Amino acid sequence: MFVLFTNPRGSSGYGADFTYSTRGRWGMEDYDDLMKAVDIVAARPDVDSTRMGATGGSYGGFMTTWMATKTDRFKAIETDRTITDWTYWYGASDAQGLTEFEFYGKPWDNQALYDTLSPIRYVSNVKTPMLIVQSEEDHRTPMGSAEIWFMSLKKQGVPVELVRYPRSNHDLSRTGEPWLLVDRLGRLRQWFGYWLQGAQTANR
C-alpha cells in the first residue's frame, strides 16, 4: 500500500504567493495539483490505479468531497469534517473570517462565488462510495454539511455511511477520548479494506 501526501497550491511552505494563490479559487488549481500528483503515482508499475482511495479532513474534507464531484477515478473516499455548502458553513461555523478573506466578502457580498465553490451544487455528479466522519461538537465544520451530503448521496443510490461521534470536536483525529480515536481509525480501515480490497457483495 502507498500513501500520497502533497503540498498543492494554497498550502504552506513555499511562500505567501503560493499560499494565497487559491484565494477565491478553492478546488481549482489546488485540485489540479492533487490530480497531477495522482497521475504520477498511478503511472507507477507497482500501483494499482483501479484501487485508489482518497481521504482528508477539514480543508481536506472539503477537497475530498469536491473531488467526488469532479472525478470517479477513486474507488472509495472518506471525508472528515467536511464542508459542502459555504453559505451554510458561514452561518453555522465559528470562523467566518476564513471565507470573508478567502472568498472576498460575506455570502451576500459574493453569493455566486460561495455557490460556485460549494460541492453540494454538484452532488448529482457523485458516483464514488463515501464514508463521512463528523463530530457532534465540531463548531468549525458543523454537522449540517455532513447531513445534507449523506442524504443527497442516499437519495441518489450512492453507497454512503455517516458516522457521528459524540463528545468530540474538530480535533477528533488528533485528540479526544481514546476509544473514539481507535473507533475512527478502525472504521477508516474497514471502509477502505472493503472497497479497495474486499469482495463487494453486500449492499452498503
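Leaving aside its neighbours within four places in sequence, which residues is Phe2 in contact with? Here are my notes; keep in mind that this is a predicted model.

1. The contacts of Phe2, once neighbours within four places in sequence are set aside, are Arg44, Asp46 and Val47. Phe2 belongs to the segment before helix 1, which covers 16-19. With a relative accessible area of 48%, Phe2 is partly exposed.

2. **The largest pocket.** Have a look at this one on screen. The largest pocket holds about 1500 Å³ of space. It is lined by 41 residues, and the closest to its centre are Val3, Leu4, Gly53, Ala54 and Thr55. Helix 2 (29-42), strand 1 (53-57), helix 3 and helix 8 (178-197) are the elements that give two or more residues to the lining. Helix 8 gives the most, with six residues. Sorted by class, the lining of the largest pocket comes out at 20 nonpolar, 14 polar and seven charged residues.

3. **The aromatic cluster.** One aromatic cluster is formed by Trp26, Tyr59, Phe62, Trp66, Trp86, Trp89, Tyr90, Phe103, Trp108, Tyr114 and Tyr122. A pair of aromatic rings is described by the distance of the centres and the angle of the planes.

4. **Phe62 and Trp86.** The ring centres of Phe62 and Trp86 are 5.6 Å apart with the planes at 55°, so this pair counts as tilted. Phe62 sits in helix 3 (residues 59-70) and Trp86 in helix 4 (residues 86-92), so the pair ties together parts that are 24 residues apart in sequence. Phe62 and Trp86 are both buried.

5. **Phe103 and Tyr114.** Why is this pair called edge-to-face? The planes of the Phe103 and Tyr114 rings stand at 90°, and over 60 degrees counts as edge-to-face. Their centres are 5.4 Å apart. Phe103 is in the loop between helix 5 (97-102) and helix 6 (111-116), while Tyr114 is in helix 6 itself, so here the parts tied together are 11 residues apart in sequence. Phe103 and Tyr114 are both buried.

6. **Charges over rings.** Lys70 lies over the face of Tyr122, at 4.3 Å from the ring centre, and Tyr122 is one of the residues in the aromatic cluster.

7. **Ala146, in helix 7.** Is Ala146 buried or exposed? Its relative accessibility is 0%, so Ala146 counts as buried. Ala146 is part of helix 7, residues 143-156. Neighbours within four places in sequence aside, Ala146 is in contact with Thr82, Ile132, Gln134 and Leu162. Val163 is 17 residues from Ala146 along the chain, with 9.4 Å between the C-alpha atoms.

8. **Met151, also in helix 7.** Met151 is found in helix 7 too. Met151 is partly exposed, with a relative accessible area of 43%. From Met151 to Asn125 it is 26 residues in sequence and 15 Å in space, C-alpha to C-alpha.

9. Which residues other than glycine have a positive phi? Ser58 is one of them, at about 65°, and Ser58 falls in the loop between strand 1 and helix 3. Arg167 is another, with phi near 55°. Arg167 is placed in the loop between strand 4 (160-165) and helix 8, and is partly exposed at a relative accessible area of 47%.

10. **Lys75.** Lys75 is in the loop between helix 3 and strand 2 (76-80). Its relative accessible area is 30%, so Lys75 counts as partly exposed. Although Lys75 and Thr50 are 25 residues apart in sequence, their C-alpha atoms are 7.1 Å apart in space.

How values were computed. Residues are numbered from 1 along each chain as its sequence is written. This is a predicted model: local features need pLDDT of at least 70, side-chain atom pairs count only at pLDDT 80 or more; totals for chains, interfaces and linings use all residues. Side-chain values use heavy atoms; hydrogens and water are left out. Rings of Phe, Tyr and Trp (its six-membered ring) pair if their centres lie within 6.5 Å; planes under 30 degrees apart count as stacked, over 60 as edge-to-face and the rest as tilted. Helices (H or I, at least four residues) and strands (E, at least two) are DSSP runs, numbered from the N terminus. Buried means under 20% relative accessible area, exposed over 50%, partly exposed in between (1.4 Å probe, protein chains only). A charge sits over a ring if NZ of Lys or CZ of Arg is within 6 Å of the ring centre and within 35 degrees of the ring normal. Contact means heavy atoms within 4.5 Å. On a 1 Å grid over the protein atoms alone, a cavity is a set of points where a 1.4 Å probe fits but cannot get out, and a pocket is an open set with protein on both sides within 12 Å along at least five of seven lines; lining residues have an atom within 4 Å of a point. Grid points are joined across faces, edges and corners, and a volume is the space filled by probe spheres set on the points. Ala, Val, Leu, Ile, Met, Phe, Trp, Tyr, Cys and Pro count as nonpolar, Asp, Glu, Lys and Arg as charged, and the others, Gly among them, as polar.
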